[in-house]
Amino acid sequence: MFSTAEMPESHRFDAFRERLIKLHAPMDIGSEHAEKYAAEMRFLQLGSACVWPASCRPVHMRRTPRLIRQSDPDQYHLTLMLRGSKRLVQAGQVGICHPYDMHIADTSRPFQVGSGLHDQDIKMVGVELPKALLPLPRHKTDALVARRLPGREGMGSLLVGFLLRLTRSSDSFRSSDASRLETVLLDLVAALFAHEIDAEDALPSETGRQVLALRVRSFIDSHLHDPELTPTAIAAAHHISVSYLHRIFQEEAPTYGGPTTVMGHVRERRLERARRDLADPALRTRPIHEIAHRWGFTHQTSFTRAFRARYHMPPAEYRRTRDAARSAPGLMHSPPTAA
């Protein structure tokens with residue numbers, strides 16, 4: 001963790017600048033808000049890669065040939081914008097990122113970055129990736145520098161979904177998970193890059209299998225409402241056999257935790273969505289059977305039984321405990337949630 005909140009105001013920007021240079025590469029860094037700067041960053045080290053969610057005041061950066069000669073980690077920096085905007089100029093290209101856009105910068109070439117355009121504070125996820133870890137031709141991936149990479153569709157949405165789950169649920173992972181999470185991250189970045197440069201054939205078969213597993217999980221999340229969401233339907237949507245679906249799911253499940261069967265995962269995700277609805281004060285008057293049906297449970301009895309087994313109380317009692325917690329938040333702990 002890094003936060004300027006408890007630092008003297010006169011030290012905040014210098015501390016932020018030093019941290020950013022150490023994380024990324026030597027740069028000239030400035031801000032019109034340096035006198036009363038505010039920033040928060042977290043650092044998730046995944047093997048040789050680093051993922052760092054951050055929020056900060058507007059800042060501008062410049063990496064010059066002199067600074068490159070001084071030190072070059074030979075890596076790509078990928079930015080996912082969540083709030084605000086960012087402008088990157090590199091290799092004759094100009095790219096502007098808005099929320100849920102991504103772009104990459106190359107530490108081996110000069111660049112200029114302006115983040116927080118129009119004086120907006122920014123929220124983002126940064127990713128530092130050694131170039132040598134990507135199994136793609138360097139001259140082709142270099143062509144992606146400063147190009148806008150959409151994060152709301154296709155391969156980009158898979159990478160964005162992974163980064164958001166990783167940064168929002170980092171406390172649920174152990175240090176021993178880092179190598180597996182690095183593999184997933186690299187596979188998703190490689191798949192996105194390969195799609196953008198039309199080089200899917202260059203990807204290793206293992207990368208393709210990892211990406212397929214993530215596509216399956218994303219498909220399941222977007223179809224939880226469908227009571228006909230079965231292994232047969234999921235396999236057909238991905239043009240694979242049911243037996244292959246079971247095999248890849250079992251092999252990849254340890255990376256993500258939770259159930260090791262397809263329908264076990266479907267049930268877990270449905271229960272988690274129903275739990276969130278039951279805890280939502282805006283839905284407190286919605287009947288429980290409607291919430292169950294909304295998330296693919298066709299029988300109230302089976303939903304109640306599954307919910308009790310997962311959360312150790314029936315749905316009606318869970319809703320009452322959440323109502324009580326909102327009325328007297330200091331008197332009780334939050335009920336259990338899914339991992």
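These notebook entries record what I looked up in a predicted model of one protein.

**Entry 1. Overall dimensions and composition**

I began with the whole chain. The secondary structure comes to 12 helices and 13 strands. I took the extent of the C-alpha atoms along the principal axes and found a box of roughly 70 × 55 × 35 Å. Of the 339 residues in the protein, 50% are buried. The protein exposes about 16700 Å², and carbon and sulfur atoms supply 50% of that area.

Residues 24 or more positions apart account for 69% of them.

For charge, I noted 46 positive and 38 negative side chains. The centres of the two sets lie 3 Å apart.

**Entry 2. The nonpolar cores**

In soluble globular proteins, nonpolar side chains tend to be buried together. I therefore looked up the cores of this model next.

The largest nonpolar core has 42 residues. Val 51, Leu 159, Leu 185 and Phe 193 have the most contacts inside it. I listed the elements that each supply at least two residues of this core: the strands are S4 (44–46), S5 (49–56), S7 (75–83), S10 (101–106) and S12 (122–130), and the helices are H4 (154–168), H5 (178–196) and H6 (205–222). The largest share, 12 residues, comes from H5.

Leaving aside neighbours within four places in sequence, Phe 193 is in contact with Tyr 76, Leu 78, Ile 104, Leu 134, Leu 136, Thr 141, Leu 144 and Leu 149.

**Entry 3. Trp 52 in strand S5**

Trp 52 lies in strand S5. Is this residue buried or exposed? I recorded Trp 52 as buried because its relative accessible area is 5%, where the limit for burial is under 20%.

I looked up its contacts, not counting residues up to four places away in sequence. Trp 52 touches Leu 20, Leu 23, Met 41, Arg 42, Phe 43, His 77, Met 124, Val 125, Gly 126, Val 127 and Glu 128. I also took one C-alpha to C-alpha distance: Trp 52 and Ala 91 are 39 residues apart in sequence and 25 Å apart in space.

**Entry 4. Helix H4**

I checked the length of H4 against expectation. At 1.5 Å a residue, its 15 residues should span 21 Å; the end C-alpha atoms are 22 Å apart, which agrees.

H4 is mostly covered, with 11 of its 15 residues buried. The buried residues are Met 155, Gly 156, Leu 158, Leu 159, Val 160, Gly 161, Phe 162, Leu 163, Leu 164, Leu 166 and Thr 167.

Arg 165 also lies in H4. I recorded Arg 165 as partly exposed because its relative accessible area is 44%, between the limits of 20% and 50%. Arg 165 and Ala 235 are 70 residues apart in sequence and 24 Å apart in space, C-alpha to C-alpha.

**Entry 5. Helix H6**

I made the corresponding check on H6. At 1.5 Å a residue, its 18 residues should span 26 Å; the end C-alpha atoms are 26 Å apart, which agrees.

Which residues of H6 are buried? I noted Thr 207, Arg 209, Gln 210, Val 211, Leu 212, Ala 213, Leu 214, Val 216, Arg 217, Phe 219 and Ile 220.

**Entry 6. Tyr 311 and the end of H11**

Tyr 311 lies in helix H11 (residues 300–311). I recorded Tyr 311 as buried because its relative accessible area is 1%. Tyr 311 and Arg 275 are 36 residues apart in sequence and 8.9 Å apart in space, C-alpha to C-alpha.

His 312 is found in the loop between H11 and helix H12 (315–327). At 64% relative accessibility, His 312 counts as exposed, the cut-off being over 50%.

**Entry 7. Positive phi values**

Most residues other than glycine have a negative phi. I looked up two residues with a positive value.

Phi of His 312 is near 65 degrees. Phi of Tyr 100 is near 70 degrees. Tyr 100 is found in the loop between strand S9 (93–97) and S10. I recorded Tyr 100 as partly exposed because its relative accessible area is 22%.

Technical notes
Residues are numbered from 1 along each chain as its sequence is written. This is a predicted model: local features need pLDDT of at least 70, side-chain atom pairs count only at pLDDT 80 or more; totals for chains, interfaces and linings use all residues. Side-chain values use heavy atoms; hydrogens and water are left out. A nonpolar core is a set of buried Ala, Val, Leu, Ile, Met, Phe, Trp, Tyr and Cys residues joined through side-chain atoms within 4.5 Å. Buried means under 20% relative accessible area, exposed over 50%, partly exposed in between (1.4 Å probe, protein chains only). Helices (H or I, at least four residues) and strands (E, at least two) are DSSP runs, numbered from the N terminus. Contact means heavy atoms within 4.5 Å. Accessible areas come from the Shrake-Rupley method with a 1.4 Å probe; for residues, only the protein chains shown count as cover. Lys and Arg count as positive and Asp and Glu as negative; His and the chain ends are not counted. The place of a charge is taken as NZ of Lys, CZ of Arg, CG of Asp or CD of Glu. The expected span of a helix is 1.5 Å times one less than its number of residues.
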